[in-house]
Amino acid sequence: MSIPALADAELQEVLAFTVALARKAGELILEGSAVIRATGAVDEKKNAVDLVTEYDRRVEELVVAEIKARYPGFKFIGEETSSARAPMTEEPTFCVDPIDGTTNFVHGFPHVCISLGLILGKRPVLGVIYNPFLDELYTGLRGHGAFLAHPATRPALAPARLPLSAPRPFPNLQGALLGVEWGSDRSAPLMDKKAASFTRLGGNPAEGVAGGKMAHSLRSVGSAALNYGLVAQGGLDVYWEIGCWPWDICAGAIIAQEAGCLVAGKHGAPLDNDVDEEILWGRKYIVIRAIGDSPTEKGVDAQKRLVREFYDTVEDFDPPAPKA
Ligand code: IPD
Ligand code: CA
C-alpha cells in the first residue's frame, strides 16, 4: 500500500485541528439535540427510518467551512453533500459524517457522534470520533496508535491508548459480544436475511438453532462510527454491517487498525487489513478486535479465522442502490 507523504508534523497538526473541530461541532450537536427534541423537526430521506435534521446539515456546513478555511486544497466527502460515489484521488480528502446516529440524536439516546476521517492515498490515515453527550473522544493516526479521551469532563486525564486492556483470548464466536445494526434498509428479503443472521449468531445449537453460535449477546449501538470505537477499545468483539457508507466507517477504520483490529470488507475479500477504495465504498464492513498471540495461534491468524467463521454464519446480501 503506498501512501503519499504528508509530513508527520503536518498530520499531527491536522489531528489537532480535527479534534478542535469535532469538539466545536459537538457543541452544535448538543444544542441541536435540545432543539430537535422540542420541535420534533425531523425529515426522512429514502424511507421513514432514514432520518435527517437541520442539524445534520448545519454541522456539515460548519465542518466544510472550517476545513476550507484551514486546508483549502483538501478534498471533501460528506454524508449530506456527497451521496454519489466520486472517483477518489491521491489528494488528502476529509470523509465526514456530521452526525452519526441520527436516530439516537432524534430520540435523545446518547450514542451520537461526529465522525471525521482523513484519507491519503485512498486509505484512511487519521480519524476523530467525538460523542458530545458522553464526552468520548476517539482518535487515531497512522503509525501513532489510537486513544480514548474525555476532554470536557476529565481534561486532566491522559488519553488512554486502545485497546483499553490487554486483549482477552477469543477462541470462537461462542461467548462473544457482537455489534450488529438494524440499518435503514427494511425490505422483506433483507430483513429475513438479517434476522436469520442474528438468530444464528445468538442461537443455541443444543436447543434447535441450526448453526447457532451462542454468542453472549448482540448489541445495536446505533452508530457505525461508535461501533468501531467500541471494537477498538475492546468492549465489542466484532462489529458487522451491510449498508453503511464511507463517512460512517472512515474514521473508525483507522482508529480500529491503530488499536490492533482487523478491518475488512465483504465476504471473501482479502483479509490484509488494507482499507482501500473498494472497501471504503463497498458498503459491507466487518471489524474484529485485537487478539493476543497464543502458544498455538498468532493473533492475526485468529482474527482472520474468526472473520471467516463469522461470514460463514451470517447471510450475505446487497444493499439497495441509492435512488438517483
Ligand atoms: C447510520 C448509523 C447506524 C447504521 C446505519 C447508518 P446515520 O448512520 O451509523 O448505526 O446502522 O447504517 O446509516 O444515518 O445515523 O448517519
Ligand atoms: Ca449521518
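A residue counts as near a molecule if one of its heavy atoms lies within 4 Å of it. Keep that in mind as we walk through this predicted model, where local features need pLDDT of at least 70, side-chain atom pairs count only at pLDDT 80 or more, and totals for chains, interfaces and linings use all residues. Residues are numbered from 1 along each chain as its sequence is written, ligands are numbered from 1 in the order in which they are written, and side-chain values use heavy atoms, without hydrogens and water.

**First stop: ligand 1.** Select ligand 1 and the 14 residues around it; Asp-100, Gly-101, Thr-102, Ala-224 and Glu-241 come nearest. The shell holds three nonpolar, five polar and six charged residues (Asp, Glu, Lys and Arg count as charged; Gly is among the polar ones).

**Next: the polar contacts** (pairs of N or O atoms within 3.5 Å). Show the side chain of Glu-241, which has a polar atom 2.6 Å from an oxygen atom of ligand 1. Then pick Asp-248, where a polar side-chain atom is 3.5 Å from a ligand 1 oxygen. At Ile-99, look instead at the backbone: a polar atom there lies 3.2 Å from an oxygen of ligand 1.

**Now colour by domain.** Domain 1 (8-161) and domain 2 (177-313) each give at least three residues to the shell around ligand 1; the bounds come from an automatic or database domain assignment.

**Last stop: two backbone details.** Most residues other than glycine have a negative phi, and most peptide bonds are trans. Select Asp-135, whose phi is positive, near 50 degrees. Finish at Leu-162 and Pro-163, joined by a cis peptide bond with omega near 0 degrees.

Terms used
Polar contact = N/O pair within 3.5 Å; in protein donor to acceptor, adjacent residues only side chain to side chain.
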